[in-house]
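Please examine the structure shown below together with its sequence.

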There are 2 protein chains.
Amino acid sequence: MYRLIAILLIGTLFAQETKKELSVDEKMFAKIYQAALEEGQCYENLRALCKDVGPRLSGSPQAEKAVMWSKEVLEKLGMKVTLQEVMVPHWVRGAKEKAHVVAHGAIKKRTLNICALGGSVGTGEGGLRAEIVEVHQFSDLEKLGKEKISGKIVFFNRPMKATNINAFVSYSQAVGQRTRGAVEASKYGAVGVLVRSMNLRLDDYPHTGTMRYQDGVKKIPAAAVSTNDAEFLSNLLREHKVVKMNYEMHCKTLPDAKSYNVIGEVKGSEFPKEIIAVGGHLDSWDIGEGAHDDGAGCVQAIEVMHLFNVLKIKPKRTLRVVMFMNEENGLRGAREYARVAKEKGEVHVAAVESDSGGFTPRGFSIDTAWPRMEKVLKWQPLFAKYNVYAFFPGRSAADVGVLKDGRATLVGFKPDSQRYFDYHHAASDVFEAVNKRELELGSATITALMYLFDRYGME
Amino acid sequence: MYRLIAILLIGTLFAQETKKELSVDEKMFAKIYQAALEEGQCYENLRALCKDVGPRLSGSPQAEKAVMWSKEVLEKLGMKVTLQEVMVPHWVRGAKEKAHVVAHGAIKKRTLNICALGGSVGTGEGGLRAEIVEVHQFSDLEKLGKEKISGKIVFFNRPMKATNINAFVSYSQAVGQRTRGAVEASKYGAVGVLVRSMNLRLDDYPHTGTMRYQDGVKKIPAAAVSTNDAEFLSNLLREHKVVKMNYEMHCKTLPDAKSYNVIGEVKGSEFPKEIIAVGGHLDSWDIGEGAHDDGAGCVQAIEVMHLFNVLKIKPKRTLRVVMFMNEENGLRGAREYARVAKEKGEVHVAAVESDSGGFTPRGFSIDTAWPRMEKVLKWQPLFAKYNVYAFFPGRSAADVGVLKDGRATLVGFKPDSQRYFDYHHAASDVFEAVNKRELELGSATITALMYLFDRYGME
């Protein structure tokens, strides 16, 4: 097999050198990448979304501003725009969190970089003061038992594993302490939890993200602590058996708020009943600008329409650009979009989402049944010239994943994952952290796939 | 063919899921990547090279410090280290350059971000004041003729082309204005040249780099201007026909200085006469820290030995880690290394260099004849699991390229190229611009290839 692959690879490579006739698709790919890199609007759109709109947590005024901004942008591109109403959770952070280690031996009131996890209750005025107990797995809670946990702040300090090549795998292995930590610790009488930030790097940024409570289990405040401070605390606990900390958070959950998915549509000229959708999620966390998560995905989805316009591609199938609301703390937008689609009997041939950052494109994760899978995998060689190789069967992305119905081909755009968690849900996720060319190459790659879905369909 | 590739791809992908027996090579690859990500030293070595040693232009005291630093690091890894003497150019920048547009209509003495190109003569005290004439190609010089160029500063303003997917192609298409601009403009009586920085991005950093004079053509001062200022000047020239500028540079070339290639060696246990070499260039430009160019390559080459040690790989062939001196402005180190190797009748089975930045690994460019090429291409599937796909025939890298003798297999490590020219030869090329994981994944990828060269040889 090695021999065969080698020969195929060489065949592909040398083919680029010779003046063979380019196929229609090869020519269109070249035009798409050229237009993205020379006439692209995604980078300036991202600047506007990050700098003019800013952080846009579900239910916030900026989320509403983002809705109106997207509507305007999609209308300018010639799309018919619908605002699809959806009720979303409305959690607010309140005043900035404060945290410090209580004066202790050589340590004088040392400040800690923390932020409340999304959905957490606050601590009340003056904050919460208690002893810290460090754990790594949920099973550690059982080992320690109520006796050693009751009345304390449980510090979940399991790092993301460095050795997974795909950083998202490390995330999925570690994120449980963030989503379920408060519930599990509360069962043993903990009064609060502190979670090591989901970050492969050592730095001073706390990374927020959603957490959940459970009926019948007391709600306790939950915060993330920066990886540097997690290391600091862990070392301190090795030296001193008893370490106390104090933290104060003013977050709270207000009644659900009204918001919208923003749906731009151009009817297909030949197969108007076959929908091909591309999207990103418009909401973001509140402490950064949501540049990689998921401003990049939003502007890349919008860019599909822009590039189709530049290249005068009139979609044969109905093209939708969807800005989903509330992916971060509820997925309410995606659920409503899928519910309405089902109710109307709409057929989604394919749906693509970019929600892994605005980095150099590497490939696609494809969720569909054979022989549709085979059809998509056959397109891979067209992308190889653009350094996009990794086509693999797997879960797509959160919002479009909800559309799963056995017919739709669902795709997650997969850019390089190595730097993603440097920024994810942190104050560092700003416009400046996105590289223009990397973002544009992603837009081109997604557009090229949408072009193929439109041209060939999936039936 | 699509069908065949699709099937092969699917085969490869599903193979990862099933519990098939891993080959010896697959197991070793897993260990190499794990060790690089969990026990790597390359990032801390890079910090030392950038922060403790600093910029290390050939002939400078820091270049000498870098030599001693590498010697020590390689000796600590158990290598026998040789300092191979080589005379190198010794160009010094002198006091920081100054440049401004001479007061002009609405423009009051506007400062420009410039830096002298490496090898340029200075302007003399008080600087050079003259009118600017903008050109894009060398053919523009002929069109304008001596009449319009004589006594003026020629401003070469050809941007790097955005649409090449490989940014190095854009570099090679544009860099002639930097290397030969002064000579070509001087032939028409120009008194100085200003060159748009080799940068795909619009920013305020001037990017230096080597330039050459020619016997019989008057030496005139040559500087790079930031891309933002190149745009500013070009716009100004559109509005006003006559624009004058003033720039002052104190650079000069001193007599050649003595320096060294640093060569670490471990004799092969089975085939000591077969050399496999891995290197980077130790010298850098003087205005940054040479982090991507080529501190990353140096520490990745050093890391091969570290990872071999961690994994207890005793090389069967003679392993050399070479820190080449003076790649940037002369290639004297590489030439001396190749000359001595030839003189001694040494056989280089393979030589790999990383000199394209410390970014996420994408593949290798391989320079060798069939059937050796076939042998290396057959190894590609081993790398695919680590997202390294792009194996292609092509030029290797500057230093190891000099070893070309029809027998050696020469390889250039190819990381992602999109961000490279944001930093190349600029003050922004600092330690902080390198991502730890991306650097480590590069080290692992290079080490994995070196392991294959060592295990299988190339005969």
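The model is predicted. Chain A is divided into two domains: domain 1 comprises residues 7-89 + 255-456, and domain 2 comprises residues 94-250. The C-alpha centres of domain 1 of chain A and domain 2 of chain A are 34 Å apart. At their interface, 16 residues of domain 1 of chain A are in contact with 20 residues of domain 2 of chain A. The area buried between domain 1 of chain A and domain 2 of chain A amounts to about 1,400 Å², and carbon and sulfur atoms give 64% of this area. Trp285(A), Phe421(A) and Asp422(A) supply 40% of the area that domain 1 of chain A buries against domain 2 of chain A, more than any other three residues.

Polar interactions also connect domain 1 of chain A and domain 2 of chain A, with five residue pairs in polar contact. By class, the side of domain 1 of chain A that touches domain 2 of chain A has seven nonpolar, seven polar and two charged residues. One salt bridge is found across the interface of domain 1 of chain A and domain 2 of chain A. A salt bridge joins the side chains of Asp422(A) and Arg201(A), with an N to O distance of 3.4 Å.

In chain A, the peptide bond between Asp293(A) and Asp294(A) is cis, with omega about 0°, and Asp294(A) has its place in helix H9 (residues 291-310) of chain A. In chain B, a cis peptide bond with omega of about 5° joins Trp370(B) and Pro371(B). Pro371(B) belongs to the loop between strand E14 (361-367) and helix H12 (372-377) of chain B.

Positive phi values are the next point. His425(A) is not a glycine, yet its phi is positive, at about 65°. His425(A) lies in the loop between helix H14 (420-423) and helix H15 (436-456) of chain A, and is buried, with a relative accessible area of 5%. Leu331(B) likewise has a positive phi of about 65° although it is not a glycine. The loop between strand E12 (317-324) and helix H11 (332-344) of chain B holds Leu331(B). Is Leu331(B) buried or exposed? Leu331(B) is buried, with a relative accessible area of 16%.

Over all chains, the whole structure contains 60 salt bridges. Arg47(A) and Glu44(A) form a salt bridge in which the closest N and O atoms are 2.8 Å apart. Because Arg47(A) and Glu44(A) are three residues apart in helix H3 (residues 42-53) of chain A, about one helical turn separates them. Arg47(A) is partly exposed at 36% relative accessibility, and Glu44(A) is partly exposed at 43%. In the salt bridge of Lys187(A) with Glu184(A), the closest N and O atoms are 3.4 Å apart; Lys187(A) is partly exposed, at 37%, whereas Glu184(A) is buried, at 16%.

In chain B, Asp416(B) forms a salt bridge with Arg362(B), the closest N and O atoms lying 2.7 Å apart. This pair links distant parts of the chain, 54 residues apart: Asp416(B) is in the loop between strand E16 (409-415) and helix H15 (420-423) of chain B, and Arg362(B) is in strand E14 of chain B. Asp416(B) is buried at 6% relative accessible area, and Arg362(B) is buried at 6% relative accessibility. Finally, a network of salt bridges links Glu265(A), Lys267(A), Arg320(A) and Glu346(A).

Definitions and conventions
Residues numbered from 1 in each chain as written. Chains lettered and ligands numbered in written order. Predicted model: local features only at pLDDT ≥ 70, side-chain atom pairs only at ≥ 80, totals over all residues. Heavy atoms only, no water. Domains from an automatic or database assignment. Contact = heavy atoms within 4.5 Å. Buried area = accessible area lost by both parts, 1.4 Å probe. Salt bridge = Lys/Arg side-chain N within 4 Å of Asp/Glu carboxyl O. Polar contact = N/O pair within 3.5 Å; in protein donor to acceptor, adjacent residues only side chain to side chain. Nonpolar A, V, L, I, M, F, W, Y, C, P; charged D, E, K, R; others polar. Helix = DSSP H or I, 4+ residues; strand = E, 2+ residues; numbered from the N terminus. Buried < 20%, exposed > 50% of the residue type's maximum accessible area, 1.4 Å probe, protein only.
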